[in-house]
Amino acid sequence: MTAAKQPPGVEVGKAFDLNMKPLTQDVVGSAEGHSVKLPNFNVPYAVIHTHPACGVFSPGDLLSFVDNESLKLMTAIGHVGHIFAVEKVPSTIQMRQTVLFGS
């Protein structure tokens, strides 16, 4: 993804099928805002997007995740190594946070 090429605070995202074949090119949020809008698909898919401020999922992120049955996995990656993930599994939604590096 082209996150490193963007001004501070700009989100970048990309959608993939469950075999990690890209469904989109990099999608870049506006310079004025802090969010990126990825398209919805009718096949099971996953999205990866940056969270430059390292925050947890926004209400809009979670609403998009819940409202789209085909969206099976969403991740948000912060610039200091925080990774947030939410995944749909049968009969439940699981959330977890992993810190790869940083504090």
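## Terms and basis of the model

A residue is called buried when its relative accessible area is under 20%, exposed when that area is over 50%, and partly exposed in between, with a 1.4 Å probe and protein chains only. By this definition His49, with a relative accessible area of 3%, is buried.

The model is a predicted one, in which local features need pLDDT of at least 70 and side-chain atom pairs count only at pLDDT 80 or more, while totals for chains, interfaces and linings use all residues. Residues are numbered from 1 along each chain as its sequence is written, and side-chain values use heavy atoms, with hydrogens and water left out.

## Confidence

The pLDDT, which is the predictor's confidence in each residue on a scale from 0 to 100, averages 81 over the protein chain, and 78% of the residues score at least 70. Confidence is highest in strand S1 (residues 12-17), at a mean of 94, and lowest in strand S6 (residues 92-99), at 61; strands (E, at least two residues) and helices (H or I, at least four) are DSSP runs, numbered from the N terminus. Where pLDDT is low, the predicted coordinates should not be read in detail.

## His49 and strand S3

His49 belongs to strand S3, which covers residues 45-51. The side chain of His49 comes to 3.0 Å from the backbone oxygen of Thr75, a polar contact in the sense of a pair of N or O atoms within 3.5 Å, where within protein one atom must be able to donate a hydrogen and the other to accept it, and residues adjacent in sequence count only if both atoms are side-chain atoms.

## The largest nonpolar core

A nonpolar core is a set of buried Ala, Val, Leu, Ile, Met, Phe, Trp, Tyr and Cys residues joined through side-chain atoms within 4.5 Å. The largest such core has eleven residues, among them Ala15, Leu38, Tyr45, Val47, Phe57, Phe65 and Phe84. Two or more residues of this core come from each of S3, strand S4 (71-78) and strand S5 (82-89), and S4 gives the most, with three residues.

## Aromatic contacts

Rings of Phe, Tyr and Trp (its six-membered ring) pair if their centres lie within 6.5 Å, and planes under 30 degrees apart count as stacked, over 60 as edge-to-face and the rest as tilted. The structure holds two aromatic pairs. Phe57 is buried at 8% relative accessibility, and Phe84 is buried at 6%.

The charged end of Lys88 sits over the ring of Phe65, 4.5 Å from its centre; this requires NZ of Lys or CZ of Arg within 6 Å of the ring centre and within 35 degrees of the ring normal.

A salt bridge is a side-chain nitrogen of Lys or Arg within 4 Å of a carboxyl oxygen of Asp or Glu, and the structure holds one. It joins Lys14 and Asp26, whose closest N and O atoms are 3.8 Å apart. Lys14 lies in strand S1 and Asp26 in the loop between S1 and strand S2 (27-28), so the pair ties together parts that are twelve residues apart in sequence. Lys14 is buried, with a relative accessible area of 17%, whereas Asp26 is partly exposed, at 24%.

Gly13 is also found in strand S1, and Gly13 counts as buried at 0% relative accessibility. The C-alpha atoms of Gly13 and His51 are separated by 9.6 Å, although these residues are 38 residues apart along the chain.
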